[in-house]
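Hi,

Here is the structure I said I would pass on. Have a look at it first, and then read on for what turned up.

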Amino acid sequence: MTLIGSAHSTPLVEGKVKETANVLLAGRQELADDLADYLIARDPALQNAGVEEMVRASCHANVTVMLDYVTRAVPVESLTAPTEVLRYTRAMVREGLSLDSVTAGYRAGTAFLIDRWTGQVAASDCGSGIVGRSRSAEHAARQQQQEQQHADRDRAPFHPAAPRRLRLHAQEFVQILVG
């Protein structure tokens with residue numbers, strides 16, 4: 001299933017999705033740098049020089065591949081994690097990065113990219129067409145509040161009382177990462 005070409009899609013939606021992905025793809029270096037800066041700033045475990053370098057490389061690979069998938073309308077069933085990202089994530093786990101940091105980082109990174117995506121959609125709808133942060137003070141304040149809420153939520157440790165499905169998913173994720 002993909003948004004583009006699905007039964008729930010319209011030419012207007014498909015056009016907006018491709019337009020947004022293309023604009024973000026053109027600014028992918030800045031977007032990936034901003035994502036890495038955000039993740040590193042929110043988690044002290046990522047502030048080790050070697051780990052920080054791997055986080056940056058992983059963010060660049062993830063952003064580029066994700067936007068490429070969207071612009072080409074790759075079906076969800078066909079999505080795969082970039083080899084480079086898996087390699088860096090495995091290396092970070094070997095460096096001692098905890099499961100909490102890995103899972104919280106992926107949640108926070110996903111929320112960050114969704115915020116940027118919606119910010120770009122809002123910006124293009126207003127005719128401003130900016131790639132990065134919105135110049136609207138209201139949007140910037142709302143985005144900062146959302147980022148703080150995401151950061152607060154993502155700092156919560158992985159708790160054994162979490163739903164069983166989530167625990168199993170996280171365990172499978174770690175098994176994939178460490179080989």
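How are helix 2 and helix 3 oriented to each other? One thing to keep in mind while you look: this is a predicted model. In it, the axes of helix 2 and helix 3 come within 8 Å and cross at roughly 135 degrees. An angle has to be over 145 degrees to count as roughly antiparallel, so helix 2 and helix 3 are oblique to each other. Their crossing is right-handed.

Quite a few residues take part in that contact. Helix 2 brings Arg 28, Gln 29, Leu 31, Ala 32, Asp 33, Leu 35, Ala 36, Asp 37, Leu 39 and Ile 40, while helix 3 brings Glu 52, Val 55, Arg 56, Cys 59, His 60, Val 63, Thr 64 and Leu 67. Sorted by class, the contact of helix 2 with helix 3 has ten nonpolar, three polar and five charged residues.

Helix 3 also packs against helix 4. Here the axes come within 9 Å and cross at roughly 155 degrees, which means helix 3 is roughly antiparallel to helix 4. The crossing of helix 3 and helix 4 is left-handed. On the helix 3 side you'll find Val 51, Met 54, Val 55, Ala 57, Ser 58, Ala 61 and Asn 62, and these meet Glu 84, Val 85, Tyr 88, Thr 89, Ala 91 and Met 92 in helix 4. The residues of that contact split into nine nonpolar, three polar and one charged.

Then there's helix 1. Its axis lies 9 Å from that of helix 3, at an angle of about 150 degrees, so helix 1 is roughly antiparallel to helix 3. The crossing of helix 1 and helix 3 is left-handed. Among the residues making the contact are Val 17, Ala 21 and Leu 25 of helix 1 and Leu 67 and Val 70 of helix 3. By class, the contact of helix 1 with helix 3 has six nonpolar, three polar and two charged residues.

Now for the core. The largest nonpolar core has 24 residues, and those with the most contacts inside it are Leu 31, Leu 35, Leu 39, Leu 46, Val 55, Val 63 and Met 92. Helix 1 (11-26), helix 2 (28-42), helix 3 (49-71), helix 4 (83-94) and helix 5 (99-125) each supply at least two residues of this core.

Cheers

Key: Residues are numbered from 1 along each chain as its sequence is written. This is a predicted model: local features need pLDDT of at least 70, side-chain atom pairs count only at pLDDT 80 or more; totals for chains, interfaces and linings use all residues. Side-chain values use heavy atoms; hydrogens and water are left out. A nonpolar core is a set of buried Ala, Val, Leu, Ile, Met, Phe, Trp, Tyr and Cys residues joined through side-chain atoms within 4.5 Å. Buried means under 20% relative accessible area, exposed over 50%, partly exposed in between (1.4 Å probe, protein chains only). Helices (H or I, at least four residues) and strands (E, at least two) are DSSP runs, numbered from the N terminus. Axes are lines fitted to C-alpha atoms, for helices over the stretch in contact, and angles run from 0 to 180 degrees between N-to-C directions. Angles under 35 degrees count as roughly parallel, over 145 as roughly antiparallel, 65 to 115 as roughly perpendicular and the rest as oblique. A crossing is left-handed if the near helix is turned anticlockwise from the far one by less than a right angle, and right-handed if clockwise. Contact means heavy atoms within 4.5 Å. Ala, Val, Leu, Ile, Met, Phe, Trp, Tyr, Cys and Pro count as nonpolar, Asp, Glu, Lys and Arg as charged, and the others, Gly among them, as polar.
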